[in-house]
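Work through the exercises below with the sequence and the structure side by side, and try each task before reading its solution.

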Amino acid sequence: MDENDIQILIDGTVHYFRSTVGQSTEVGAPYLVEDREPVVSDFTGIIAISGVYTGCVYFTAPRAMLRHILMVNGETRADAEFMADVVGEVANTISGNARRHFGSEFEISVPEVFEGRAKDGQLQLAERSFVIPIAWRQYRASLVVSLID
Amino acid sequence: MKILIVDDSMFIRNRIERSLAIAGITEVLTARNGREAMVKFHAHKPELVTMDITMPEVDGIECTERMVQANAAVKILVVSAVADKATAILALKKGANGFLIKPFEETEINDALNRLIQGNRRGRK
């Protein structure tokens, strides 16, 4: 996965948040983590990737941010089930959109979601993962790209 | 006119339902996967369907094919994050009438559904 590939996912992240919650979203420069230690927040949605790459793409966000995203989209309900649904959908949309660049051999799973820390085997990371920081209002979330060729 | 919204995400189902500004819609039905969608499709006979692709149990491509086999007059708008050309072509070959890529604006989904209602039958074999 090279810089251009990462840029595709950055562009997808910007597009998703600007379409869903408005122009105020900022996506920071991605950074590399090499310790296989997952970056997780309150809720995490994972898409398993197979085909041209193997691994996962996941989106992780704090409860307050998800509550706010639901609110600006007109939802009055903001329970754990709904927040888990949102992180899964964000991960799914960004990964699915990436197929425009990577092609149909960038195969994506249905989302797997969890709250809090990952259980054993739930998040299996490659040796190197890219973390794309996302800032919206006062909240901080991350899209993590952990793929091997 | 009845519309069936098929998506495994409650967030998206609600977003589509809230966005709808289509004249003549009398009933909105929802389904969270392909299996539930087929049950509601046969029970309620919707004329219009929005269809996700990546779903558990029965995916949206298979669901589209089964719906068109059961009722060739149904109009199906695929609403999916899966953005590659091959998937869009496959969905149209299976009988979908249109393809809208997530994320979408409210006006985009209404425009796409209105095009279907007005008789855009592209892709239907």
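Two residues are in contact if their C-beta atoms, placed from the backbone, lie within 7 Å. The model is predicted, so that local features need pLDDT of at least 70 and side-chain atom pairs count only at pLDDT 80 or more, while totals for chains, interfaces and linings use all residues. Residues are numbered from 1 along each chain as its sequence is written, and chains are lettered from A in the order in which they are written.

**Exercise 1.** Find the contacts of Met38(B), leaving aside neighbours within four places in sequence, and decide whether Met38(B) is buried, partly exposed or exposed.

*Solution.* Begin by locating Met38(B) in helix H2 (residues 34-44) of chain B, where helices are DSSP runs of H or I with at least four residues, strands are runs of E with at least two, and both are numbered from the N terminus. Next, the contacts beyond four places in sequence are Val58(B), Cys63(B) and Arg66(B). Finally, a residue is buried with 20 or more other C-beta atoms within 10 Å of its own, exposed with 12 or fewer, and partly exposed in between; because Met38(B) has 19 such neighbours, it counts as partly exposed.

**Exercise 2.** Describe how strand E4 (residues 54-61) of chain A is placed and paired.

*Solution.* First, six of the eight residues of E4(A) are buried, so the strand is largely enclosed by the rest of the structure. Then consider pairing, which requires at least two DSSP bridges between two strands: E3(A) (residues 43-51) runs antiparallel to E4(A) with seven bridges, and E8(A) (residues 139-148) also pairs with E4(A) in the antiparallel sense over seven bridges. Lastly, Thr44(A) stands opposite Thr60(A), whereas Tyr58(A) faces Val144(A) in E8(A).
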